[in-house]
Amino acid sequence: MLRRMLAVLIFPAFALSLLAGPDTPVAVPKLSAAAIVDKNVAARGGLQAWRSVQTMTLTGKLGAGGNQRATLSIPVAGVHKTQEADLPQRRAEEVQLPFVMELKRPSKVRFELQFKGQTAVQVFDGSQGWKVRPFLNRNDVEPFSTEEMKTASAQGELEGPLIDYAAKGTQIESDGTEKVEGRDTYKLKLTLRSGDVTHVWVDSQTFLEAKVQGRPRRLDGTYHPVEVYYRDYRPVNGLQIPFVLETRVLPVAKTATGLRDTPVPPEKVIIEKVTVNPKLDDSQFAKPQTETAAVKVK
């Protein structure tokens, strides 16, 4: 009986695929922006489940290498944020740097990155930010630069920009459909409360984010577009979290120096563990002590 039922289901579908032919595109159902967001929220675990998340810890490894840039933009798993970390000049081959990122509402972030036995620390308490960079022989606590403060302040809550978007003052509208890594996606245009505009691409089948527009990165005096790809979603406490994130810095026609832009290797983040609602004291997001630089990532 089971085989007969499978035959009934499979063969008509196979016949239809032959009639359609290999070059006939599959139409993506037309949905409103609100409907796409609703399906995305449901696919990621539901509104109430995300509202119940007050803290989150992510540990993993960050692939660094392939160029001599001194700044990395680190995307947060399962959310649409970036946190910049200053690194020394990197070797041509990729190295895996262990990191720990702790998040707490509202907008608190602590990021630790281990490099050659030393740990860089960046902390944002929601209004101020600090960093310690021992591998650059800077063991004193430094305040965020103007650019770093701008990036940190633009971060949304830990669930990303789509969940509870109206409460955040964000306006969302459909911007058509596009292919992302061979899959059909809905492209959403987000106008934030600040007036800044960004984009999110939602998979038309899973309704999970496939790609988000990152904050432009300044290289060689020129701002470059940035895209962050989300892959390998896994369930964690009923939430869907991407365990692989890849940041791509897109080339521009010419840099500020007038020279042709050179390719920038992608940067991959591999999440190894996600802990939902761990106990995180506010003191962990306060201005670091100088000796923090000697503390290794756990």
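Author: Let us begin with burial: a residue is buried under 20% relative accessible area, exposed over 50% and partly exposed in between, with a 1.4 Å probe and protein chains only. Helices (H or I, at least four residues) and strands (E, at least two) are DSSP runs, numbered from the N terminus. The model is a predicted one, in which local features need pLDDT of at least 70 and side-chain atom pairs count only at pLDDT 80 or more, while totals for chains, interfaces and linings use all residues. Residues are numbered from 1 along each chain as its sequence is written, and side-chain values use heavy atoms, leaving out hydrogens and water.

Reader: Which residues of helix α2 are buried, and which are exposed on the other side?

Author: In α2 (residues 33–43), Ala33, Ile36, Val37, Asn40 and Val41 are buried. They lie on the same side of the helix, because they cover an arc of only 135° around the axis; the arc is that of the directions from the helix axis to the C-beta atoms. Asp38 and Ala42, on the other side of α2, are exposed. The cover over the buried residues includes α3 (47–51), β9, β10, β11 and β12. Just after α2, Gly45 has a positive phi of about 130°.

Reader: How do strands β9 and β10 pair?

Author: Two strands pair if DSSP finds at least two bridges between them. Here β9 (residues 171–180) and β10 (residues 183–191) are antiparallel, with eight bridges. Val180 has Arg183 in β10 as its bridge partner. Two residues stand between the strands of this hairpin, and Glu181 takes a positive phi near 50°.

Reader: What is in contact with Ser204, beyond its neighbours in sequence?

Author: Contact means heavy atoms within 4.5 Å. Leaving aside neighbours within four places in sequence, Ser204 is in contact with Val28, Asp184, Thr185 and Tyr186. Ser204 belongs to the loop between β11 (197–203) and β12 (209–219), and its relative accessibility of 14% is why it counts as buried.

Reader: How is a pair of aromatic rings described?

Author: The description uses the distance of the centres and the angle of the planes. Rings of Phe, Tyr and Trp (its six-membered ring) pair if their centres lie within 6.5 Å; planes under 30 degrees apart count as stacked, over 60 as edge-to-face and the rest as tilted. The whole structure has three aromatic pairs. In one of them, Phe124 and Phe144 have ring centres 6.5 Å apart and planes at 10°, so this pair is stacked. Phe124 is in strand β6 (residues 118–124) and Phe144 in the loop between β8 (138–143) and α4 (146–153), so that the pair links distant parts of the chain, 20 residues apart. Both Phe124 and Phe144 are buried.

Reader: Where does Arg248 lie?

Author: A charge sits over a ring if NZ of Lys or CZ of Arg is within 6 Å of the ring centre and within 35 degrees of the ring normal. Arg248 lies over the face of Tyr229, 4.0 Å from the ring centre.
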